[in-house]
Amino acid sequence: MGQASRHASERTASPWLARVSPFIASLRGYDPTRLKKDLVGALTVTALHIPEGMAYAQLAGLPPQAALYSTPAALALYALFGSSRQLIVAVSASVSVLSAATVGAMAQQGSPRFMALTAALALLAGAVAALAGVLKLGRVAQFFSASVLSGFVFGLALIIAIKQVPKLLGIEGAKGGFFERLGFIFTHLGQTHALTLVVGAASIAALLLLGRLSRRIPAALAVLVLGIAVSAALHLDAKGVTIVGPIPAGLVPPQLPHGVGLKDLLTLLPGACGIALVAFAEAIGPARMFAAKHGYEVDPNRELVGLGAANVGGGLFRGFSMGCSLSKSAANDQAGSTTQVASLVTAGLTLLVALFLTGLFRTLPEATLGAIVVVAILGMMDVKELVRLFRLRRADFLGAGVALLGVLAFDVLPGLLIAVGVSLFLTVYRASQPRMSELGRVPGTLDLAATHREASAITLPGLHVFRPEEGLFFANATSLRDEVLARVRDARVPVREVLLDLELTDDLDVPGADMLAGLHEDLSQRGITLALARVHRPTWRMLERTGVLAKVGSEHVYPQVSAGMEAWMAHHESQAWQEWRLIRDGLYLVRSRVDEAGASLHGEERHRQEDLLVRLDEADRRMRELLRHLPHAPSGDDEPQGTRH
């Protein structure tokens, strides 16, 4: 009995654990072969992470060891709570610069307060991301235009690069924005330290050369080791080359930042939201790509929770905000990693480095760290993507250009706000455009097609069928109503009924319902009936609650567009001999439908179809009588097979 109870509890707990931690589900069927691949992936990621982590810590305004302290917790927590099995969430160049820009406005870089605020920012960004995941806000990322994001990231890469140039030249770093730093560098080129320039240039050349020779060689780690060895052998620090210096070994205990009050948190909140947004935006794309490649699902909300947990871990260990590392994620996937075990092993290896190997980095030249950053962010400067946007769609290119210039002219945080604003503007602007198709009948059938796509589609005299090409809501409601009224006004044949296909409107809002009520009144004043088709249940409920359904009449709401068209044919007599083709096609198709259904068609549906046949037969008889007295009438040879008597 006890054993059965234990098994039952395990069956109950297992799904619960899988929901809390996708890592549990990824371990099903885990075997030594998969473990070997994950270990290879972990070694590869560690080789990339150590040099890049130390360099990106400096981007965030912290000493190099900050990456060694904070990233193990971030790697482990994302592995437990994130849904991607190949994605590496650790140090990120873009997130590091955002962190430095946010905290730099509140404290002097290098001061204890700067470090405390940086850790608090990571905790706050983690809380924002995790809360967004719990509230299931993952789909908001789709409103952040990928085109605009490419421009923002390009500008961010230029800012990162310009901050590394003084390290490569051996001159004092400049203050201010991109253009101030650029001007400072040009005016101080004469102060360049020749040996530092040689070290920086040689490091960049070695990184690029090793990257071209083989992707299996961790170029950053190789150059880092080479730089340490050359610096120690030639005593470069004694010759004026700036080195990293002593790095304390050991770990720091988890703790909340000291001296950070509520006012500080409110000041940090916009930057925290920006970091959460940028980290998610750069992570969700690769996560989905890896999931599609390996045949599993990625949950955007779970990704937000995982990113939030990683940032909380980084903040608790006096570190900085975490993001997605595209280069290490790609390397992890290429190494064959199959689960988040690779991230857990990477976290363990980083801890070993922090405990026992920090002394090896003392003679590392700063110019080599700067070179590692510059080469790492080259992939962020996607010139080909900007050229592609310019060639394919100028509006997308303009959005990317505005975001890029916004970052360069106004710095990182204002540039992020500009990028978000441009994305929202493009979303609202496109949604507000009256994209609507008029539907016509495909000859020989009762099927409808958009007249601008199907040249042979015939509009029904007196009946206009419109389909909004996106959901009806507040942003496009007024423009859609104006478009319907304009087409009704400009119609060559007087319009007697307008049929709206609402298939794409899953959830109607109050302004959208009010628009339909106003459209009904406008059309009624012109003697035109408003009918609706394919109304989803949530939209139906809103129409009921706002009283629109009572005004339109439930008899004018049809389950399918074809049903609305059949009702039109049944209740309106023909106005011209050209409509006879519609009547004959209708007779043929409805009669075929009844014959094929046979005994299976019964009840109200059979009665409706038979009533429609009677009405169409009567309309056909009247049309034949009318055509006897009209010139240029079609001959009997034009009749489709099955309609002749």
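By the rule used here, the count comes to two cavities of 30 Å³ or more. The rule works on a 1 Å grid over the protein atoms alone: a cavity is a set of points where a 1.4 Å probe fits but cannot get out, and a pocket is an open set with protein on both sides within 12 Å along at least five of seven lines. Lining residues are those with an atom within 4 Å of a point. Grid points are joined across faces, edges and corners, and a volume is the space filled by probe spheres set on the points.

Before going on, what kind of model is this? It is a predicted model, in which local features need pLDDT of at least 70 and side-chain atom pairs count only at pLDDT 80 or more, while totals for chains, interfaces and linings use all residues. Residues are numbered from 1 along each chain as its sequence is written, and side-chain values use heavy atoms, with hydrogens and water left out.

Now the chain as a whole. It has 25 helices and eight strands; helices (H or I, at least four residues) and strands (E, at least two) are DSSP runs, numbered from the N terminus. Of the 645 residues in the chain, 49% are buried. Buried means under 20% relative accessible area, exposed means over 50%, and partly exposed is in between, with a 1.4 Å probe and protein chains only. The chain exposes about 30600 Å², and carbon and sulfur atoms supply 61% of that. Those areas come from the Shrake-Rupley method with a 1.4 Å probe, and for residues only the protein chains shown count as cover. Among contacts with a separation of 6 or more, 80% are between residues 24 or more positions apart. Contact means heavy atoms within 4.5 Å.

Back to the cavities. Which residues line it? They are Met-436, Pro-468, Leu-472, Leu-480, Arg-481, Val-484, Leu-500, Met-515 and Leu-519. That lining divides into eight nonpolar residues, no polar ones and one charged. Helix H19 (474–490) and helix H20 (510–525) each supply at least two residues of the lining, and H19 gives the most, with three.

Next, the second largest pocket, with a volume of about 1000 Å³. It is lined by 36 residues, and the closest to its centre are Gln-58, Gln-109, Lys-163, Ala-174 and Arg-181. Helices H3 (32–59), H5 (93–104), H7 (146–169), H8 (178–187) and H15 (366–376) are the elements that give two or more residues to this lining. H7 gives the most, with six residues. The lining of the second largest pocket divides into 17 nonpolar, 12 polar and seven charged residues.

On to the cores. A nonpolar core is a set of buried Ala, Val, Leu, Ile, Met, Phe, Trp, Tyr and Cys residues joined through side-chain atoms within 4.5 Å. The largest has 98 residues, and those with the most contacts inside it are Leu-87, Phe-152, Ile-160, Leu-207, Phe-320 and Phe-361. Helix H11 (residues 262–294) gives the most to this core, with 13 residues. A second, separate core has 29 residues, including Leu-519 and Leu-523.

Setting aside neighbours within four places in sequence, Leu-207 is in contact with Ala-219, Ala-220, Val-223, Ala-371, Ile-372 and Val-375. Leu-210 lies in helix H9 (residues 194–213). With residues up to four places away not counted, Leu-210 touches Ala-219, Ala-222 and Val-223.

Val-402 lies in helix H17 (residues 394–410). Is Val-402 buried or partly exposed? Its relative accessibility is 35%, so Val-402 counts as partly exposed. The C-alpha atoms of Val-402 and Val-148 are separated by 8.0 Å, although the two are 254 residues apart along the chain.

Last, two backbone angles. Arg-318 has a positive phi of about 55° although it is not a glycine, and Arg-318 lies in the loop between helix H12 (300–316) and strand S2 (323–324). Arg-534, also not a glycine, has a positive phi near 55°. Arg-534 is found in the loop between strand S7 (529–533) and helix H21 (537–546).

Methods
Nonpolar A, V, L, I, M, F, W, Y, C, P; charged D, E, K, R; others polar.
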